[in-house]
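User: I want to learn how to read helix packing, domains and a ligand shell. Can you walk me through one case?

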Amino acid sequence: MEQALLAWYADHARDLPWRRTRDPYAILVSEVMLQQTQVERVIPRYLAWRQRWPTVEALAAASPADVIREWQGLGYNRRGLNLHRAARAVAKHGWPDDLTELPGIGPYTAAALANFAFGRGELPIDTNVSRVQERTGHTFSPRAAQALMDLGATICLARIPRCDKCPLAARCPSRGRRYEPLRRQSRFEGSFRQRRAATLRLVATAERPLGELDQEAVESLRADGLVTVAGKRVSLPAA
Ligand code: SF4
């Protein structure tokens with residue numbers, strides 16, 4: 001089954017900019033951006049980021065305020081801050097053997113980095129990969145990681161898989177099945193997450209008096225290290 005998948009991938013691989021490198025820093029940037037943001041939205045932001053901070057040392061030398069500003073629009077701002085902290089840790093101590101020691105790096109991102117950058121045999125299991133494994137009942141090897149991700153993203157779709165186009169259809173026990181809609185993500189509109197994002201956007205453009213801002217959102221942003229509060233003025237962290 002894996003051979004059929006890899007043969008399909010040889011012809012259908014998505015051409016994504018982070019697949020043209022094995023630079024661990026580049027792959028870390030892409031993986032952190034991809035954690036909760038769609039591929040199409042990540043591509044231009046990834047390219048801009050790499051242009052601005054081409055190396056881990058360059059990012060480590062940036063101020064948190066610049067990093068938070070550059071991250072605006074990608075959502076879940078803590079990811080940007082953790083990426084910055086991870087870059088500082090790597091610039092100082094090198095890449096750790098256990099990549100989950102880096103801030104914001106969970107088991108999935110660590111496995112992706114281990115596989116795509118360091119060539120270690122770990123299969124990063126995201127929703128696409130686990131869906132294909134579950135439906136086919138097959139356990140794929142780490143070298144099929146990118147192929148599984150592409151199959152899950154373009155053919156073995158969550159609700160209505162395109163089995164007629166699937167290279168695994170001949171041996172897949174789930175061929176032709178339809179699936180219930182997944183539970184919708186909780187609404188962003190009117191949520192606390194939205195209030196935090198709006199508050200951070202304001203502070204990212206200029207320092208603001210605390211009294212002008214959503215205080216609860218400021219407190220939560222401050223607890224995450226995304227803003228600092230000094231003398232009733234709220235600003236991005238400088239260092
Ligand atoms: S045959 Fe259908 S369900 Fe099975 S892996 Fe392919 S797309 Fe998914």
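Analyst: Start with the inventory. The protein chain has 11 helices and 3 strands. Helices (H or I, at least four residues) and strands (E, at least two) are DSSP runs, numbered from the N terminus. This is a predicted model: local features need pLDDT of at least 70, side-chain atom pairs count only at pLDDT 80 or more, and totals for chains, interfaces and linings use all residues. Residues are numbered from 1 along each chain as its sequence is written.

User: In what pattern do the elements follow along the sequence?

Analyst: The protein chain reads α-α-α-α-α-α-α-α-α-α-β-α-β-β. Its C-alpha atoms fill a box of roughly 65 × 40 × 25 Å along the principal axes.

User: How do I describe two packed helices?

Analyst: Use the angle between their axes and the distance between the axes. Axes are lines fitted to C-alpha atoms, for helices over the stretch in contact, and angles run from 0 to 180 degrees between N-to-C directions. Take H5 (residues 64-71) and H6 (residues 78-93): they pack at about 135°, with axes 9 Å apart. That angle makes H5 oblique to H6. The scheme is: under 35 degrees roughly parallel, over 145 roughly antiparallel, 65 to 115 roughly perpendicular, the rest oblique.

User: Is the crossing of H5 and H6 left-handed or right-handed?

Analyst: H5 passes H6 in a right-handed crossing. The test: left-handed if the near helix is turned anticlockwise from the far one by less than a right angle, right-handed if clockwise.

User: Which residues make the contact of H5 and H6?

Analyst: Pro 64, Val 67, Ile 68 and Trp 71 of H5 meet Gly 80, Leu 81 and His 84 of H6. Contact means C-beta atoms, placed from the backbone, within 7 Å. By class, there are 5 nonpolar, 2 polar and no charged residues. Ala, Val, Leu, Ile, Met, Phe, Trp, Tyr, Cys and Pro count as nonpolar, Asp, Glu, Lys and Arg as charged, and the others, Gly among them, as polar.

User: What does H2 pack against?

Analyst: One partner is H3. H2 (residues 24-34) and H3 (residues 39-52) pack at about 145°, with axes 10 Å apart. Their crossing is right-handed. Among the contact residues are Val 29 and Met 33 in H2, and Val 42 and Trp 49 in H3. The contact divides into 8 nonpolar, 1 polar and 2 charged.

Another partner is H7 (residues 107-116): its axis comes within 10 Å of that of H2, crossing at roughly 145°. This crossing is right-handed. The contact includes Ile 27 and Leu 28 of H2, with Leu 113 and Phe 116 of H7.

User: Where do the domains lie?

Analyst: Bounds come from an automatic or database domain assignment. Here it gives domain 1 (1-13 + 123-182), domain 2 (23-116) and domain 3 (192-235). The C-alpha centres of domain 1 and domain 2 are 27 Å apart. 6 residues of domain 1 contact 4 residues of domain 2.

User: Which residues come nearest to the ligand?

Analyst: Cys 156, Pro 161, Cys 163, Cys 166 and Cys 172, of the 14 residues around the ligand. Near means a C-beta atom, placed from the backbone, within 6 Å. The shell has 9 nonpolar, 2 polar and 3 charged residues.

Terms used: Two residues are in contact if their C-beta atoms, placed from the backbone, lie within 7 Å.
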